[in-house]
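This briefing starts from one residue and its contacts. Cores and a sheet follow.

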Amino acid sequence: MSNFAIISDSASDVSAELRERFGIDAYLPGILYTPDGRQTYSDPDWKEMTPEEYYESMTGNKLLYKTAFPSRGDSIRIIEPFLKEGKDVLLVLLSSGISGAYQASLLVAKELMEKYPERKIICVDSLRYASAIAFMLVKACEKRAEGATIEETAEFLNEFKYHVHQMGPLDDLFFTVKTGRISNLKAFFGTLVGVNCLGDFSNQGLTEIIGKVKGKQSAMDATVEYIKRTIVDPQNQIVFVAHSNRPEFADTLVQRIKDEIKPKEVILNRIGMACGSSIGPGLYAAYYCGNKISDGLEAEKAAMNEVIADLKKK
């Protein structure tokens with residue numbers, strides 16, 4: 001096995017169970033500012049509160065949690081022990097389209113490589129968030145187990161990320177509008193009573209709405225059909241399904257993906273504190289490897305338009 005550590009940040013939603021199972025070495029803890037003014041860490045292991053408590057506190061009162069990327073001190077505290085052990089470090093970080101985590105980590109990496117000139121630290125801008133990064137981390141661990149070098153693994157991820165899709169409905173738009181985390185959502189806002197937005201990742205590291213449907217059943221059907229039309233080699237890949245306090249819909253999506261698409265495995269996950277602060281309650285989505293994302297999401301928009309048109313005929 002190649003001798004390098006694989007580290008992400010807390011926006012990747014990799015729980016202790018996932019870290020242990022796949023060999024993800026550590027994560028850089030991001031900062032969470034609570035509505036009452038406290039500062040804590042955004043914890044993917046949910047030690048201080050349950051996911052239900054977190055999202056339900058947002059639901060009723062529209063409370064806003066704010067986040068910040070990992071501090072220099074915390075990043076050094078996590079990374080440096082691996083360098084001392086003689087390991088290089090691969091960092092896979094939250095999309096630069098929505099966070100400064102990648103740029104901050106480049107500065108930390110430069111500082112530490114000056115201190116440990118015999119070691120390498122490579123930073124990968126995932127251009128993704130939440131369980132999409134978890135999915136990328138699993139692939140990175142697989143490459144490492146196959147004997148790939150740190151450079152080969154980083155090169156693989158920098159191409160693979162453009163094949164990582166997200167699809168699923170968002171039924172509470174308040175937080176994404178408030179934080180501006182979806183590139184074209186404001187164009188839809190104000191006309192969406194009873195409408196579910198469906199988004200995929202752009203090549204700029206944001207989510208862009210590519211369709212909208214009325215009703216929860218139509219949203220589920222559109223999600224599954226879109227995945228069918230864009231996924232590649234499902235029988236040989238793990239699909240992640242994650243949600244922000246929509247467990248019943250996430251469970252249904254998991255089962256439909258198993259029954260109709262038949263991937264190697266489906267992992268059910270939670271949207272963590274870091275990304276959940278800007279997504280809010282109301283998302284359930286699949287994260288998977290598909291056709292390469294097109295410029296301007298033109299191919300993806302066309303696929304979704306076809307899906308919606310076909311559903312209307314039924």
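Leaving aside neighbours within four places in sequence, Tyr-129 is in contact (heavy atoms within 4.5 Å) with Ala-11, Leu-94, Ile-98, Gln-166, Phe-201, Thr-207, Cys-275, Ile-279 and Tyr-287. The model is predicted: local features need pLDDT of at least 70, side-chain atom pairs count only at pLDDT 80 or more, and totals for chains, interfaces and linings use all residues. Residues are numbered from 1 along each chain as its sequence is written, and side-chain values use heavy atoms, with hydrogens and water left out.

**Nonpolar cores**
- A nonpolar core is a set of buried Ala, Val, Leu, Ile, Met, Phe, Trp, Tyr and Cys residues joined through side-chain atoms within 4.5 Å; buried means under 20% relative accessible area (1.4 Å probe, protein chains only).
- The largest core has 55 residues; Tyr-54, Leu-90, Tyr-129, Phe-240, Ile-271, Cys-275 and Tyr-287 touch the most other members.
- Its largest share, 9 residues, comes from α5.
- Another core lies apart from it, with 30 residues, including Val-239, Val-241, Ile-261 and Tyr-288.

**Sheet**
- Helices (H or I, at least four residues) and strands (E, at least two) are DSSP runs, numbered from the N terminus.
- An open sheet holds 4 strands in the order β2-β1-β6-β7, with parallel pairing (at least two DSSP bridges between two strands).
- β2 (26-28) and β7 (121-125) are the edge strands, each pairing on one side only.
- β1 (residues 4-9) pairs with β2 in the parallel sense over 3 bridges.
- Asp-9 stands opposite Leu-28 in β2.

Notes:
Buried means under 20% relative accessible area, exposed over 50%, partly exposed in between (1.4 Å probe, protein chains only).
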